[in-house]
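Study the structure shown below with care.

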Amino acid sequence: MMKERTLRVLEFTKIREQLSSYAVTDMGRALCLELTPFTNLTQVTEALEITEEAQVILTYMGGSPLIAFSDVRSYLQLADKGATLTPRALLDVAECLRAARAARASLVTDRDNTPRITSLASRLQTFRNLEDSITNAIISEEEIADRASPALFDIRRHIKQANERIREKLNSMAHGATFSKYLQESIVTVRNGRYVLPVKQEYRQFIPGLVHDQSSTGATLFVEPLAVVELGNELKQWTSKEREEIERILAELSAQVGLQQELIAENINVLTALDFTFAKGHLSREMRATMPKMNDEGRIKLVRVRHPLIPRETVVPCDLWMGQDFTTLIITGPNTGGKTVTLKTVGLLTLMAQSGLHVPGNLGTELSVFEQVYADIGDEQSIEQSLSTFSSHMKNIVEIVNEVTERDLVLFDELGAGTDPTEGAALAQTILDTLLKFNVRTVATTHYSELKAYALSTKGVENASVEFDVSTLRPTYRLSIGVPGKSNAFEISSRLGLPEYIIDGAKKLLSANDVRFEDVIAGAEYQRQVAQREREAAENARAETIRLRNEAEKLYREMEEKRQNIERKAKEDGRRIVENARREAENVILELKKMKKEGGAAGREAEVNALRKKMQSSLEGLSEGLMAKNPTLQPPPKDLKPGDTVEIIHLNTQGTVLSAPDSKGNVQLQAGIMKLSANITQLQLIQQKKQNQQKKSTVHVHSQSQSRTVRMECDVRGMALDEALMEVERYLDEAVMAGMNEVSIVHGKGTGILRQGIQKHLKTYPHVKSYRTGVYGEGEMGVTIVTLK
């Protein structure tokens, strides 16, 4: 277990207080305040992952799924021993049951990204009947519901009736001429639970009854007339029965609670664990923290981490790594530059991560699990123990050196300070060297130049520094690893106004090696700052490139969405145009059939021609509409002349050219019995075929001087349902116009969606007489045979 002094020095106790503020129950808050770091990698990983799950649920739900409830464990113990609980205690138990039921309903779901919380919440038991029994019976801690039991309902009905009879009797006496003159006031009041009248003292003998009270002056006596004494006694009896029945109800509910006390107590334990877990999730969200990667090999990598107790608006993020190429890090730099904050950040984040708390930093942060974190930070000088600053630090260091192992983390603040600088530096170097041989992860801050040189010349030890802006005399709080810090004492003193001759004199007292060493540090720091600025510029340029790329991708997606919307609208418009043309064609066909039934078309050429023009106008409108919606996908035919056979693309049929294209590219066509106009962009030239190259699966229908070829079957396999329905409608129209009686629709077996959709649509088609599924030899379930009218 981590030493309590370490938790206090690194301010982990303040983190626990912050954590407890997010708990919704007293039990959860207590658990937060007792939090201590784990020292086992498996336990740490599980604790971090359940915190991550809590954060996921909080983000998804927008808040905690838990309901606040009181600690009812003492009530459960009383109920288990047979005691009768108060209404307040029973209501608290019911609230606990409701919290468990609500938590289980919210957390036990089919989410696959929160397995630990789901498993934990699955242990919750629900007691809906007991919960309802309590809430239905108890309205508040002072009121029991009439419907708590049939007996209580009946008793209260009798109490109400007795009250009404007594008040009615007394009201008649108070307002009657016989007794009203003896009363101070014509009212009915209550004394000691009995209904009474306020009688003047001098008229006491005129109203026989029981005196229950008198006024402070003695002028008024509160008398219960003998006429209502018996009724009052009856009311007392019913009131006593009510009290007994309420006691019985409370005892019965308490007994039910006692029977389930073990399961309810387990619910409380689970809810407390969930409250603690979601408090960790809340803290992670508030800190904008991330889950660090953990190891037990002593590797530390901090990426843009922040000290969690410094306001987010003012804290400067830092990067730090150690434990792989080097195990000891020596941080140097001016006072108030952020050395101690960096030291505490490393220690505090380690404690947080080992406690299952996320750390405020960027993704990529990695921390190690240590058995102990030793921290010698701050001045713990004790007057009572006669310990100086140096002695106080040395006492801690002695303890550390005697107890430390390679699985520990050691943090030293101003190692060797508080005594002679030469001796202090030598002692500090020896201590660091000893810990280095033990392979202990050590971070130390110092001002000693000897330790800077030690880090430069010793394998496994690395320098780091905190920046200081001499021009503004302010620290930047940025940490740089690999470069030792410069104290900047002369520069700061000069900026503050110390005479130059004093500064020059001080410089002369430094050795040539010291001056040269400080110059090297200054030069390295300058080069590092230049490199840092260039890296930041490169990162900004990269971020700008990513932003522009994202904007371009967003613009592309928007354009693609617009294109799809336009294409979808064009298809819808085209389908609407086709549907209108189909209706017109159906009406024309019906009119022609009607004329045929009425005696043929002889002598009615004008009507036939009018119908032909009507259909031709409809087809021309269809052609123009589709031409506007569907730009040409292939080169239009050239040098069309009358007599050429062409494919009418949008109608998927053939026709013969009747006239050469006009200036707009429109030509007159003969398609079967119909004449229509189409643009050359809607046509494809077909070479004339020999008369004997006719397929067996087609039938020829002659009308006037032209022929029209209609297939015996329509193949829609591989099409979407809406495309297949349009194709089937177009094919049936052609088949009806060709006078065919029976045709086949090939839709394939597949999942049956095409077959069901087509057969459902055939029920609404006006020219279909009947249809059936194909039999053996016809294609069976993959074909529908249609009989036309």
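This is a predicted model: local features need pLDDT of at least 70, side-chain atom pairs count only at pLDDT 80 or more; totals for chains, interfaces and linings use all residues.

Residues are numbered from 1 along each chain as its sequence is written, and side-chain values use heavy atoms, with hydrogens and water left out.

**Exercise 1.** Determine the strand order of the open sheet of four strands, and explain why one side of S3 and of S5 lacks a neighbour.

*Solution.* Step 1: strands are DSSP E runs of at least two residues, and helices are H or I runs of at least four, both numbered from the N terminus. Two strands pair if DSSP finds at least two bridges between them.

Step 1: the order is S3-S4-S6-S5, with antiparallel pairing. S3 (189-191) and S5 (209-214) are at the edges and have a single partner strand each, so one side of each has no neighbour in the sheet.

Step 2: S3 and S4 (residues 194-200) run antiparallel and are joined by three bridges. Within this pair, Thr189 is opposite Val196 in S4.

**Exercise 2.** Identify the residues of the nonpolar surface patch of about 310 Å², and classify Leu498 as buried, partly exposed or exposed.

*Solution.* Step 1: the patch is made by Leu498, Tyr501 and Ile502. Like charges are joined within 9 Å, and nonpolar side chains (Val, Leu, Ile, Met, Phe, Trp, Tyr) within 5 Å. Accessible areas come from the Shrake-Rupley method with a 1.4 Å probe, and for residues only the protein chains shown count as cover.

Step 1: Leu498 belongs to the loop between helix H16 (489-495) and helix H17 (500-509).

Step 2: buried means under 20% relative accessible area, exposed over 50%, and partly exposed in between. Leu498 has a relative accessible area of 35% and is therefore partly exposed.

Conventions: Patches are made of residues with over 30% relative accessible area and no salt bridge: like charges are joined within 9 Å, nonpolar side chains (Val, Leu, Ile, Met, Phe, Trp, Tyr) within 5 Å. A salt bridge is a side-chain nitrogen of Lys or Arg within 4 Å of a carboxyl oxygen of Asp or Glu. Buried means under 20% relative accessible area, exposed over 50%, partly exposed in between (1.4 Å probe, protein chains only).
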